[in-house]
Each structure stands twice: as structure tokens, then as C-alpha cells.
Amino acid sequence: MTTISIIGSGKMGAAIAEVAVRAGAEVQIVKRSAASASAARPGFTYGALGDRLTGDLVVLAVPYSAYPGILERYRDQLGEKVVIDISNPIDFSTYDELLSPADSSTAAELAQQLPEGAAVVKAFNVNLGDTLVSGTNGTTPTTVLVAGDYADAKQQVAALVEAAGMRAIDVGPLTRARELEAMGFLQIIMAALGKTRYETGFALLP
């Protein structure tokens with residue numbers, strides 16, 4: 001059985017947890033603290049930051065600004081795991097630029113900070129949470145774009161997505177994460193301006 005630890009209990013963390021449930025995975029959700037207000041639901045194992053990660057797949061469903069604190073607690077545990085970066089590092093004070101380096105991405109920066117054996121995969125960042133929960137984007141199945149340097153790691157993420165009834169497309173190596181972050185940035189800005197709806201977003205037709 002696929003096991004997945006999701007660090008973060010906000011909207012995207014909850015949406016990816018629903019995807020994992022549809023895929024038949026065993027889910028651990030790691031909250032900020034045991035007293036966090038996010039509601040518990042049956043079928044999930046809950047923990048607080050600092051608790052041991054039980055999943056072979058680990059989703060960082062927190063803002064990019066929270067990554068240093070996550071790495072401080074979990075860096076040693078992330079070796080030999082598939083680490084899924086879903087972040088869109090937008091400067092929300094201006095809504096006008098990405099905070100990641102112009103020639104890099106949050107995923108590439110993350111990969112440099114993890115121990116040998118960890119495999120970073122960029123995924124879910126171009127999907128709005130509602131389309132993951134519903135499994136559809138407009139009239140088409142939701143498509144998750146996946147980038148990474150390790151074929152086996154990408155296949156594990158793709159298998160989870162497909163078992164949940166959605167489509168997974170391998171877009172290439174981790175260097176493609178920069179383009180995925182630009183897509184995520186544009187989609188979020190368009191939704192914030194009311195040009196698209198949060199229930200839809202970009203769709204990739206079969």
C-alpha cells in the first residue's frame with residue numbers, strides 16, 4: 001500500500017489527502033501542533049510537527065517560507081523518501097513576481113538541501129485544490145503535471161494520481177519545475193483577479 005505523509009493541513013494539504021484516499025493510500029497529516037484548529041476526519045493519522053514521518057511519499061503542503069523550519073525538523077528523515085514540492089513562491093505583497101531565483105525553482109533549491117537519496121518531485125502546483133477534490137477540471141479529468149530527475153519517484157507520484165482517477169503527465173526533469181511555477185503563478189493571479197474560477201483553472205485535453 002502507498003503511504004503518504006502530508007506536512008500541512010490547509011486547503012491544498014486537505015485536497016491532496018482526498019486524492020490519496022481515493023487512491024487507497026495510507027495517509028498521515030502533520031499539523032503545526034496537536035492543538036491546531038483544522039478538523040480531523042476518520043481514516044487519517046494525525047501528528048504534530050516533529051513527529052516521525054510514516055509515509056514513503058512526503059508532501060510539503062506549506063508555504064515556501066516555511067521550508068527552512070520543516071528542513072530543520074525533518075531533513076535527516078527525508079533521505080530515501082520521495083519529497084513532493086507543491087509550492088508556488090509568489091510574492092503575495094505585490095502579486096507581481098516569483099520569489100525563487102530567476103534561473104532556478106523552489107524544487108531545485110529544495111533538492112540541494114536534502115540528503116543524498118531523497119528524490120524531489122514537483123507536482124500539484126498547477127492544480128487548484130477544488131479540482132483535486134472533484135477530480136475534474138471543467139469537463140475533463142484533472143491533469144497533474146510532474147517534473148523530477150528520478151523516473152521511479154515520478155512513477156510513484158503518477159501512480160497515486162492515476163489511482164485517484166486523474167491523469168498524470170511527466171513533463172521532464174526537475175529543471176522544468178521553473179516553468180511549472182510560472183504556470184502556477186499565472187493561474188493563481190488570474191483566479192485572484194476573477195478572470196478564471198478557483199473550481200477550474202488550466203486544463204490539458206487528452
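User: Let's start with proline 68: is it buried or exposed?
Analyst: Happy to look at that one in this predicted model. Proline 68 sits in helix H2. Exposed means over 50% relative accessible area. The value for proline 68 is 54%, so the residue counts as exposed.

User: How far apart in space are proline 68 and glutamine 113, C-alpha to C-alpha?
Analyst: In sequence, 45 residues separate proline 68 and glutamine 113. Proline 68 belongs to helix H2.

User: Which loop holds glutamate 80, and what is its phi?
Analyst: Glutamate 80 lies in the loop between helix H2 (67–74) and strand E5 (82–85). The residue is exposed, at 66% relative accessible area. Although glutamate 80 is not a glycine, its phi is positive, at about 70 degrees.

User: Phenylalanine 124 also has a positive phi; is it buried or exposed?
Analyst: Phi of phenylalanine 124 is near 70 degrees, and the residue is not a glycine. Its place is the loop between strand E6 (119–122) and helix H4 (129–134). Buried means under 20% relative accessible area. Phenylalanine 124 has 1% relative accessibility, so the answer is buried.

User: Moving to the strands, how do E1 and E2 run, and how many bridges join them?
Analyst: Strand E1 covers residues 3–7, and strand E2 covers residues 26–31. The two strands run parallel, and the number of bridges joining E1 to E2 is five.

User: Which residue of E2 is the bridge partner of serine 5?
Analyst: Two facing pairs are worth a look here. Isoleucine 6 of the protein chain stands opposite isoleucine 29 in E2. For serine 5, the bridge partner in E2 is glutamine 28.

User: Which residues of E1 are buried on each side?
Analyst: In a regular strand, side chains alternate between the two faces of the sheet. Five of the five residues of E1 are buried. Both faces of the strand are covered, with Thr3, Ser5 and Ile7 on one side and, on the other, Ile4 and Ile6.

User: And how many residues of E2 are buried?
Analyst: Strand E2 has six residues and is mostly covered. Glutamine 28, placed in E2, is buried with a relative accessible area of 5%. For the strand, the number of buried residues is five.

User: Which residues does glutamine 28 contact, leaving aside neighbours within four places in sequence?
Analyst: Glutamine 28 is in strand E2, and its C-alpha is 7.0 Å from that of threonine 54, which is 26 residues away in sequence. Threonine 54 is one of its contacts. With neighbours within four places left aside, the contacts of glutamine 28 are Ile4, Ser5, Ile6, Thr45, Arg52, Leu53, Thr54 and Gly55.

User: What does threonine 136 touch, not counting residues up to four places away in sequence?
Analyst: Threonine 136 is in strand E7 (residues 136–137). At 35% relative accessibility, it counts as partly exposed. Not counting residues up to four places away, threonine 136 touches Thr131, Pro141 and Thr142.

User: Which residues does glutamine 156 touch, with the ones up to four places away not counted?
Analyst: Glutamine 156 is placed in helix H5 (residues 151–163) and is partly exposed, with a relative accessible area of 30%. Glutamine 156 and isoleucine 84 are 72 residues apart in sequence and 11 Å apart in space, C-alpha to C-alpha. Residues up to four places away aside, glutamine 156 touches Leu57 and Val82.

User: Stepping back, how many helices and strands are there, and what is the radius of gyration?
Analyst: The protein chain has six helices and 10 strands. For 206 residues the globule rule gives 17 Å, and the chain comes close to that, so it is as compact as a globular protein of that length. The radius of gyration is 16 Å.

User: What share of the contacts with a separation of 6 or more is between residues 24 or more positions apart?
Analyst: Of the 206 residues in the chain, 49% count as buried. The C-alpha trace spans about 40 × 35 × 35 Å along its principal axes. Among contacts with a separation of 6 or more, the share from residues 24 or more positions apart is 67%.

Definitions and conventions
Residues numbered from 1 in each chain as written. Predicted model: local features only at pLDDT ≥ 70, side-chain atom pairs only at ≥ 80, totals over all residues. Heavy atoms only, no water. Helix = DSSP H or I, 4+ residues; strand = E, 2+ residues; numbered from the N terminus. Rg over C-alpha atoms; globule rule 2.2 N^0.38 Å. Buried < 20%, exposed > 50% of the residue type's maximum accessible area, 1.4 Å probe, protein only. Contact = heavy atoms within 4.5 Å. Pairing = 2+ DSSP bridges.
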